[in-house]
Amino acid sequence: MSQSTISTSESSQTGPQPRRMHHTKMPTLVFELSEEVDRYVAGQIAALIRQKQANGEKPVLGLATGSTPIGVYRELIRLHEEEGLDFSNVITFNLDEYWPMQPDSIHSYHRFMWENLFHHINIPKENVNIPDGTVKLSKVEEWCDAYERKIQEAGGLDLQLLGIGRTGHIGFNEPGSSRNSTTRLVTLDPKTRKDAAGEFYGEENVPMQAVTMGVHTIMNARQVIMLALGEHKAKIVRTAVEDEVSEQIPSTYLQKHPNSIFVIDAAAASRLTAVRIPWMAGLVEWTPALVKKAVIWLSQRVKKPLLKLEEADFMENHLINLLRHCDKSCEAIVHEVFMEMQNGICTRPGGDKPITAICFSPHPDDDVISMGGTLITLADQGHDMHIAYMTSGNIAVFDEDASRHAKFVNQFLEMFKLDSDNTSKMHEKLLNDLVVKKPGEPDSPEIQAVKGLIRKTEAAAGAIRAGVPESKLHFLDMPFYQTGDVKKKPIGEDDVTIVANLLRELKPDQIYVAGDLSDPHGTHRVCAQAIIRALDVVKAEGVEPEVWLYRGAWEEYEPHEIERAVPLSPAVVHRKRSAIFAHESQKDQALFPGSDEREFWVRAEDRTKNTARVYDDLGLPEFFALEGFVQYRGQL
Ligand code: PGA
């Protein structure tokens with residue numbers, strides 16, 4: 001298929017049309033929502049299957065695992081069930097598998113593929129090919145050569161689906177992989193193992209090696225669709241499509257593929273030049289939001305406070321069109337942006353009259369880490385401040401902490417002669433559960449409950465330090481999270497109902513929601529979706545709070561995005577720190593720290609102090625620290 005084939009089928013497919021990005025070295029299509037990406041890509045795969053079948057040929061698909069393609073597989077299953085998409089003569093080859101790895105392990109890509117796709121479609125078992133994680137070391141090379149031969153004997157790959165890792169890997173072709181590499185045993189990059197640490201309950205449980213198709217194998221596919229979803233992929237997406245081809249970023253090899261496209265959602269596109277600084281990539285439509293973004297960018301670029309910007313700065317930095325468009329003096333444009341930023345600074349986020357507000361915290365510590373200062377301010381200013389903890393966070397507690405708490409309870413009961421046969425049996429069971437659990441396996445339901453309780457009591461301690469009493473805490477324990485595993489269920493009606501009921505009960509004037517756009521299955525994003533759906537339900541009943549979005553532990557909003565900045569005094573920052581310290585199980589070392597080595601309280605302080613510095617540099621008042629918020633207006 002040629003490039004033009006892609007664009008023809010793209011426009012013939014119904015549904016939302018993507019934006020085609022400029023200034024990228026490979027065709028890049030951006031859809032607003034991840035579900036639109038899923039539908040589009042599944043549609044492309046379905047079209048290919050039908051076309052090959054119409055010609056009496058067997059479609060040969062190269063498939064990928066990971067969180068990214070799950071939605072595509074869901075849509076393919078729907079197409080099979082509802083529209084009769086036939087997989088009976090489809091042949092598949094998967095990209096990779098950890099090594100060593102048993103196929104029935106919860107971490108195996110064999111298991112992943114059967115659970116997420118093959119069990120739900122009519123593909124014959126013998127048509128499925130997945131690298132074998134059980135082959136002996138001495139036989140791996142032979143096995144890999146046979147895998148290559150099998151792909152060729154099937155007629156080569158018609159279409160290869162790819163995700164992209166933070167290292168820029170495709171399959172498990174890590175930095176340094178040669179363009180000529182074929183299927184082989186490789187060593188995983190430390191960054192890749194860190195990213196997989198969550199699923200394996202610790203980096204030490206992630207295998208060191210994997211069997212993967214090579215770059216050459218992938219490049220030989222007649223068509224390649226690379227996918228990326230979520231803002232955590234934005235940086236590597238930009239590198240993959242804007243930087244030069246380099247063996248250090250294997251995904252850049254795709255720039256040289258004659259028929260490859262990158263299909264991404266808006267969150268993953270956020271760092272592309274055409275999105276971040278579109279005036280550098282060509283003509284743009286100037287909206288008030290874009291004018292604000294450009295003026296702040298200019299101020300930072302020329303290192304001058306807003307009110308010191310001059311016409312020459314605009315002319316010398318590709319912003320002459322902005323001046324033309326606004327048809328106002330440079331001073332007037334800059335003054336408007338300055339005033340908008342200034343007016344967003346808000347020392348009384350709840351206003352002057354007492355209101356009811358809810359902070360929705362996806363995990364039990366996001367409240368204090370991400371908006372602890374505002375929480376303290378709202379509580380201190382006499383508002384009826386509630387916190388809703390949406391999930392138990394029970395997968396993020398170390399076994400050692402669970403066992404220490406179980407021992408404490410046991411010794412407490414013994415000390416006061418409250419122990420019984422039942423309590424000592426339970427104690428023994430808990431300790432035994434921890435001992436027999438294999439590394440990387442989920443906990444028993446009882447241990448999950450203990451871990452959830454640890455986080456619940458920590459959340460209460462943190463909230464009290466922030467000025468919110470226990471009577472105003474709501475532990476929602478949303479069902480989508482209750483798998484005991486890192487993989488979560490999709491959001492369901494029961495999740496939405498729980499949130500809607502709380503909104504009905506409290507009738508808040510304001511709510512605070514974590515507005516992160518991590519991958520579509522990420523807990524923060526799923527929680528936000530549940531709240532948005534619940535808001536739709538209760539709107540008809542007259543419950544329509546102001547909705548403010550805050551960022552999770554990782555990053556702050558960009559200054560042009562911030563609509564409300566709440567100043568934190570040194571005393572408030574100190575109290576916020578102490579509230580974060582109450583989360584002892586996450587202190588010093590967290591089970592899921594992400595890619596950032598800093599402790600949560602350090603990240604929180606660096607981030608709020610950095611926002612204050614940014615405001616100061618723009619020539620706005622100098623604060624000790626600032627927390628930023630964006631108002632929700634129908635789109636995350
Ligand atoms: P992810 O992984 O889909 O889980 O983000 C993609 C990859 O590492 O290739």
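Modeller: Start with Cys330. Its sulfur lies 10 Å from the closest cysteine sulfur, that of Cys326, and this is too far for a bond. A disulfide here means a pair of cysteine sulfur atoms within 2.5 Å. Cys330 is also buried, at 1% relative accessible area. Buried stands for under 20% relative accessible area, exposed for over 50%, and partly exposed for anything in between, with a 1.4 Å probe and protein chains only. Cys527 is in no disulfide either; its nearest cysteine sulfur belongs to Cys359, 12 Å away. Cys527 is buried too, with a relative accessible area of 1%. Searching the whole structure gives zero disulfides.

A word on the basis. This is a predicted model, with residues numbered from 1 along each chain as its sequence is written. Local features need pLDDT of at least 70, side-chain atom pairs count only at pLDDT 80 or more, totals for chains, interfaces and linings use all residues, and side-chain values use heavy atoms, without hydrogens or water.

pLDDT is the predictor's confidence in each residue, from 0 to 100. The protein averages 94, and 97% of the residues score at least 70.

Now the nonpolar packing. A nonpolar core is a set of buried Ala, Val, Leu, Ile, Met, Phe, Trp, Tyr and Cys residues joined through side-chain atoms within 4.5 Å. The largest one holds 66 residues, and Phe314, Phe360 and Leu503 have the most contacts inside it. Helix H19 (residues 523–539) contributes the most to this core, nine residues. Helices (H or I, at least four residues) and strands (E, at least two) are DSSP runs, numbered from the N terminus. This core lies between domain 2 (277–343) and domain 3 (356–395 + 444–631), because both give residues to it. Domain bounds come from an automatic or database domain assignment.

Take Leu503. Contact means heavy atoms within 4.5 Å. Setting aside neighbours within four places in sequence, Leu503 contacts Ile358, Phe360, Pro508, Ile511, Ala534, Leu535, Val538 and Val543. A second, separate core has 47 residues, including Val41, Leu79, Val90 and Tyr98.

Back to the two domains. Eleven residues of domain 2 are in contact with ten residues of domain 3. Their centres, taken over C-alpha atoms, are 33 Å apart. The assignment also gives domain 1 (24–274).

One loop deserves a look. Leu591 sits between helix H20 (570–581) and helix H21 (600–617). At 13% relative accessibility, Leu591 counts as buried. Leu591 touches Ile395, Ala396, Val397 and Phe398, leaving out residues up to four places away in sequence. Ala396 is 195 residues from Leu591 in sequence, yet their C-alpha atoms are 5.3 Å apart.

Last, the whole protein. Of its 636 residues, 56% count as buried. There are 21 helices and 18 strands. The radius of gyration is 26 Å, close to the 26 Å of the globule rule for 636 residues, so the protein is as compact as a globular protein of that length. That radius is taken over C-alpha atoms, and the rule is 2.2 Å times the number of residues to the power 0.38. Among contacts with a separation of 6 or more, 76% join residues 24 or more positions apart.
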